[in-house]
Amino acid sequence: MRVPTVSKSERLFAWLLRAFPSDFRQRFGVDMQEVFLDQLNVARTARGGLWAFWGRVLPSFLWAALSERLRSGRVPELSHTVRRRPSMFSELGSDVRHAFRLLRRSPVFATTSILIIALGVGAVTTTFSAMEALLLRGVPGTRDTDRVMSSQLLASDGTFTMTASPELIDHWRTRARLVEGVAGHTGNELTLTIDGAGVSAAGGIVTAGFFELLNVSPQVGRFFSAADDSAGSAPVAVLSHEFWQA
Amino acid sequence: MQRQPAPLKPTELHLLLCLSRGEQHGYGLVAVLEEESGGAIKLEPGNLYRVIRRLLDDGFVAESERRPAGDSIGAQRRRYYRLTALGRRALAGELRRLQAVLTSTSARSVLRGGSGA
């Protein structure tokens, strides 16, 4: 355990003097420091050293400070003075001023607190921005995505999903009465051959009408038509702007 | 405002007794009190100056302009206190009160070790 040095004790005592009312400090502060220094010099060579000295001095010193404050009525919570009830805003103003005074007295603590709060606010803002973009906001360019619903075929025991056949999707599309349209989609990692070289791309296979359900329109060309779904039709693809630029 | 005659607190009594022998500064009062009380009274600066403040406010003690001759430069810088005439009367009154208590039959019986019951 480290023993506080004399200079630290002096600084601590000077700081503790603030516990006394200001008029008392102005009247006796210098003398109190003189007496403290004398006692401190004796305590350094005494049994128990500075720790024993502080253990004896501190409680009594703080009690004396509290007693002086009570006597001078500077402890509002404990004094019996009758005051006009302050308005909400005047009380708020005094609270804010009090908070600023406290922070100004401890600049290191204040700076650390502000930095921690800034980091916390930044982290929360980033997290919620990402959540909003990924989970709440629709795909860019789409409209009314809150009316789009995705469903899966599950095995009767719920253990695995099944792929709906094009015939089944067509059956739903022609028989559905409660929805505007039905389209099928499946996500795949595709390998494309461009100029004889294989290129890997994230993509999927969708049925005709898929893009129309999302209310998007192509920048160039067209989306899939019903003829593209028929057997033997030429393969067609829709490229994203990003893939096209790459 | 001067206080009505009332029993002095033990620390006040000791401080006034100390000052009755001459002017003294804060640490001098602490040292004398500790020595005379056999270490029972150890005043820290807060309590010392609370008592001094009370005695000053009551007019029992006053700040002294003079400095005892021969003291060091450090001691010359310190603030000295002296007993006022009012303080001397209050001290004498308190000592007489204590003397009356000590010389009472009951007190003598207790001091002799009698049960009194």
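Modeller: Happy to! Let's start with V30(B), which sits in helix α2 of chain B; helices here are DSSP runs of H or I with at least four residues, numbered from the N terminus. This is a predicted model, where local features need pLDDT of at least 70 and side-chain atom pairs count only at pLDDT 80 or more, while totals for chains, interfaces and linings use all residues. Residues are numbered from 1 along each chain as its sequence is written, chains are lettered from A in the order in which they are written, and side-chain values use heavy atoms, with hydrogens and water left out.

V30(B) counts as buried because its relative accessibility is 2%, and buried means under 20% relative accessible area with a 1.4 Å probe, protein chains only. Setting aside neighbours within four places in sequence, V30(B) is in contact with L43(B) and L48(B), and also with V35(A) and Q39(A); contact means heavy atoms within 4.5 Å. The C-alpha atom of V30(B) lies 8.0 Å from that of E44(B), 14 residues apart along the chain.

Now for the wider meeting of the two chains. Chain B brings 20 residues to the contact and chain A brings 21. Six salt bridges are found across this interface, each a side-chain nitrogen of Lys or Arg within 4 Å of a carboxyl oxygen of Asp or Glu. D57(B) and R27(A) form a salt bridge, with their closest N and O atoms 3.3 Å apart. On the side of chain B that touches chain A, α2 (26-36) and α3 (45-58) each supply at least two residues, and α3(B) gives the most, with 10 residues.

Notes:
Buried < 20%, exposed > 50% of the residue type's maximum accessible area, 1.4 Å probe, protein only.
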